[in-house]
Amino acid sequence: TRKQASNHDHLFKVVMIGDSDVGKSNILSRLTKNEFSHDTKSTVGIEFGTHNMKMDNKKIVKAQIWGSAGKEKAPFYKKAAGVMIVYDVTRRVSYENVKKWLTEVKTYVSANVVIILVGNKVDMHDLRVVTTEEADAFAKKENIVFMETSALKSTNIFDSFNELLKQIYDIFN
Ligand code: GDP
């Protein structure tokens, strides 16, 4: 029998949540395939992906990313080490609902899970209604990481996952 060489030192599960249409599947397809689609979810929707990152000490961390929950919440959240909560900076209700998503996370995931709050669609300057300052203040209060992204322009997509993975890695080491 041949020895199977693993291509990573650590494997972490990350789940993406947030209201529908905030851009979760496009963030994931930008990250994993460098693709963006203007169409709605029904035609693109990618729901699973992986992303590797090399830490400063050369260790390779692999993220297994779940982009959408099925009917059952428990298996979706099971063993998640990281959570990305996405809202749309042009839709205030998607930002208000972040509180509900945080409550759900606290119900299903262990307390030491790393959470990153992501405000997506920052390319739509004229339509923005949620400011950087208010979301940043909220994230600080909740003690979670915050970043603004654009899946369309590929802004901060890699940085946000890498920041999440770095924080997860720090907890486990
Ligand atoms: P999901 O339901 O959260 O997975 O959202 P989708 O990824 O399906 O995106 C919903 C809609 O928003 C689609 O029409 C996308 O093209 C659009 N969209 C997603 N991300 C961005 C972005 O960064 N900028 C802009 N302008 N549109 C986006």
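## Elements and model

Helices, of at least four residues, and strands, of at least two, are DSSP runs numbered from the N terminus. The model described here is predicted.

## Two exposed loop residues with positive phi

Lysine 58 lies in the loop between β2 (48-54) and β3. Although lysine 58 is not a glycine, its phi is positive, at about 80°. Lysine 58 has 7 other C-beta atoms within 10 Å, and a residue with 12 or fewer is classed as exposed, so lysine 58 is exposed.

Asparagine 143 belongs to the loop between α6 (132-142) and β6. Its phi is near 60°, again a positive value in a residue other than glycine. Asparagine 143 counts as exposed because it has 7 C-beta neighbours inside 10 Å.

## The nonpolar core

The largest nonpolar core contains 43 residues. Val14, Met84, Ile85 and Leu165 have the most contacts inside this core. At least two core residues come from each of the strands β1 (10-17), β3 (60-66), β4 (80-88), β5 (114-120) and β6 (145-148), and the helices α1 (24-33) and α7 (157-172) each supply at least two as well. The largest share, 7 residues, is that of β4. In soluble globular proteins, nonpolar side chains tend to be buried together.

Isoleucine 85 can be followed in more detail. Leaving out residues up to four places away in sequence, isoleucine 85 touches Ile17, Gly18, Val98, Trp101, Leu102, Ile115, Leu117 and Val118.

How many of the residues of β5 are buried? The count is 7 of the 7, so β5 is largely enclosed by the rest of the structure. Burial holds on both faces of the strand: one side carries Val114, Ile116, Val118 and Asn120, and the other carries Ile115, Leu117 and Gly119.

β5 pairs with β4 in the parallel sense over 7 bridges. Within this pairing, valine 114 in β5 stands opposite glycine 82. β5 also runs parallel to β6, to which 4 bridges join it. Glycine 119 has glutamate 148, in β6, as its bridge partner. Between β5 and β6 the chain passes through α6, and this β-α-β crossover is right-handed.

## The ligand shell

The ligand is surrounded by 18 residues. Gly23, Lys24, Ser25, Asn26 and Leu152 are the closest of these. α1 supplies the largest share of the shell, 3 residues.

Which classes of residue make up the shell around the ligand? It has 9 polar, 5 charged and 4 nonpolar residues.

## Glutamate 35

Glutamate 35 is placed in the loop between α1 and α2 (41-44).

Beyond residues up to four places away in sequence, glutamate 35 touches Ser29 and Arg30. Arginine 92 is 57 residues from glutamate 35 in sequence, and the two are 26 Å apart in space, C-alpha to C-alpha.

Terms used
Residues numbered from 1 in each chain as written. Predicted model: local features only at pLDDT ≥ 70, side-chain atom pairs only at ≥ 80, totals over all residues. Core = buried A, V, L, I, M, F, W, Y, C linked by C-beta atoms within 7 Å. Buried ≥ 20, exposed ≤ 12 C-beta atoms within 10 Å, placed from the backbone. Contact = placed C-beta atoms within 7 Å. Near = placed C-beta within 6 Å. Nonpolar A, V, L, I, M, F, W, Y, C, P; charged D, E, K, R; others polar. Pairing = 2+ DSSP bridges. Right-handed = clockwise from strand over helix to strand, strands pointing away.
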